[in-house]
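Please look over the sequence and the fold before reading on.

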Amino acid sequence: MSVLVLGGAGYIGSHMVRRLLDQGQDVVVVDNLVKGHRAAVAPEAKFYQVDIRDKKALSEVFEKENIDAVVHFAAFSIVPESVAEPLMYFDNNTAGMVTLLEVMKDFNVKKIVFSSTAATYGNPVNIPIKETDPQNPINPYGESKLMMEKMMAWADSAYDIKWVALRYFNVAGAIDDGSIGEDHGPETHLVPIILQAAAGQRDYIEMFGDDYNTPDGFNVRDYVHVVDLADAHILALDYLAKGNKSAQFNLGSATGFSVKEMVEAAREATGVNIEAKVGPRRPGDPDILVADSTQAREVLGWQPKFDNVKDIIKTAWNWKEKHPNGYDDRK
Ligand SMILES: NC(=O)c1ccc[n+]([C@@H]2O[C@H](COP(=O)([O-])OP(=O)(O)OC[C@H]3O[C@@H](n4cnc5c(N)ncnc54)[C@H](O)[C@@H]3O)[C@@H](O)[C@H]2O)c1
Ligand SMILES: O=c1ccn([C@@H]2O[C@H](COP(=O)(O)OP(=O)(O)O[C@H]3O[C@H](CO)[C@@H](O)[C@H](O)[C@H]3O)[C@@H](O)[C@H]2O)c(=O)[nH]1
């Protein structure tokens, strides 16, 4: 039996593929390579270049492979892009989930672990955020993911498809050998952008807004290491394999860092005096997102190994130093 990783050529998915292979699992990857990189997929995994909205092509993968469970990373995930192009997000993310659940139903595959997000909470009512807190997204990306969570819940009622939604906070870092890492095109994520400045590929990092309702005025986020995150997916698959009920878990560290603090941590991690300037706010950004991950720790037994952002940034810097131009260096 194989685990099917949708979006396995992307940043987080490629780390998940490596962790599954480490565990001795058979792995099948589906990715349309619109954002991902073929070179990010470990050669031991089977690869299909397929769009999950293509029902015929996706069904062929399920026909050929003996799929036991699905891990679903395949989505668009850039907050400001979703504000500008909401329908693109509802098409790729939300409509993509309709096709996927239909095919799972057709092939009697009953387990799915899903990449959800802190963006489903919108501007949170409590910090740290608990899974039971209200979900009122303030951007189309978060809305598309909340709709996907709800679709899985109804598919559970009707077809007994069991799911775990993992609501990630901000994912960063890279595998310790630096062989794969974060390379989004275009890059919009804070840590790789700060490291582009550290590597001399941009003159400075622009910090978006210094007038947020936070202690230093800069946006606060909760950063979680990508390998710790992948480990939570392994635990979620075990949880479903044991016949447990569908559930959702926050994945973060319970500690928030402002954009300014992240720049300072990156200066320490890299030894480079990275230049930073204050710019205007970016649309769709909540003030603070920090997770209460008690449920993931208690129910799944999740024990993240990284507990400070400097160490997380060091692993991202290791990847950056080895691959200054990301996967372009691997073609
Ligand atoms: N990076 C973060 O901080 C973060 C935080 C919360 C949630 N997430 C979620 O985690 C998942 C992975 O994020 P990432 O940073 O690795 O993104 P990514 O863009 O690197 O990976 C997504 C992968 O999915 C593929 N894909 C997208 N649409 C597809 C489709 N219709 N059919 C087939 N393949 C498709 C892309 O080509 C890409 O390889 C996303 O669902 C995202 O919403 C990410
Ligand atoms: O050049 C930059 C880039 C980002 N930021 C700020 O850095 C923080 C983090 O931004 P970014 O790395 O783009 O992540 P988010 O927009 O917080 O979104 C990430 O984290 C969310 C969960 O919190 C996920 O849902 C998304 O998929 C993922 O992209 C935000 O406050 C941004 O305003 C800057 O100040 N300058």
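## Basis

This is a predicted model, in which local features need pLDDT of at least 70, side-chain atom pairs count only at pLDDT 80 or more, and totals for chains, interfaces and linings use all residues. Residues are numbered from 1 along each chain as its sequence is written, chains are lettered from A and ligands numbered from 1 in the order in which they are written, and side-chain values use heavy atoms, with hydrogens and water left out.

## The sheet

An open sheet of 7 strands runs in the order β3-β2-β1-β4-β5-β6-β11, with parallel pairing. Strands are DSSP runs of E with at least two residues, helices are runs of H or I with at least four, and both are numbered from the N terminus. Two strands pair if DSSP finds at least two bridges between them. β3 (46-48) and β11 (247-251) stand at the edges, each with a single partner strand, so one side of each has no neighbour in the sheet. From one strand to the next, the twist averages 20°.

β5 and β6 (162-168) run parallel and are joined by 7 bridges. T117 has Y168 in β6 as its bridge partner. Helix α7 (226-241) lies across β1 (2-6), β4 (67-72), β5, β6 and β11. Contact here means heavy atoms within 4.5 Å. The helix runs at about 160° to β6. Axes are lines fitted to C-alpha atoms, for helices over the stretch in contact, and angles run from 0 to 180 degrees between N-to-C directions.

## Ligand 1

Ligand 1 has 30 residues around it; I12, D31, N92, Y141 and K145 come nearest. A residue is near if one of its heavy atoms lies within 4 Å. The shell divides into 14 nonpolar, 11 polar and 5 charged residues. In this scheme Ala, Val, Leu, Ile, Met, Phe, Trp, Tyr, Cys and Pro are nonpolar, Asp, Glu, Lys and Arg are charged, and the others, Gly among them, are polar. α1 (11-22), β5 (111-117) and α5 (140-159) each supply at least two shell residues. β5 gives the most, with 3.

Which atom of ligand 1 is 2.7 Å from an N or O atom in the side chain of N92? It is a nitrogen atom. An oxygen atom of ligand 1 is 2.6 Å from a side-chain N or O atom of Y141. A polar side-chain atom of H184 lies 3.0 Å from an oxygen atom of ligand 1. The protein covers 97% of the 830 Å² of accessible area that ligand 1 has on its own. Accessible areas come from the Shrake-Rupley method with a 1.4 Å probe.

## Ligand 2

Of the 23 residues around ligand 2, T117, N170, N219, R282 and D285 come nearest. Oxygen atoms of ligand 2 are found 2.3 Å from a side-chain N or O atom of T117, 2.7 Å from one of N170 and 2.6 Å from one of R282. The protein covers 93% of the 690 Å² of accessible area that ligand 2 has on its own.

α6 (190-198) and β8 (205-208) are the elements that give two or more residues to this shell. β8 gives the most, with 4 residues. By class, the shell has 13 nonpolar, 6 polar and 4 charged residues.

## Backbone details

A cis peptide bond joins I127 and P128, with omega about -5°. P128 is in the loop between β5 and α5. Another cis peptide bond joins G185 and P186, with omega about -5°. P186 lies in the loop between β7 (170-172) and α6.

L33 is a residue other than glycine with a positive phi, near 60°. L33 sits in the loop between β2 (26-30) and β3.

Terms used:
Polar contact = N/O pair within 3.5 Å; in protein donor to acceptor, adjacent residues only side chain to side chain.
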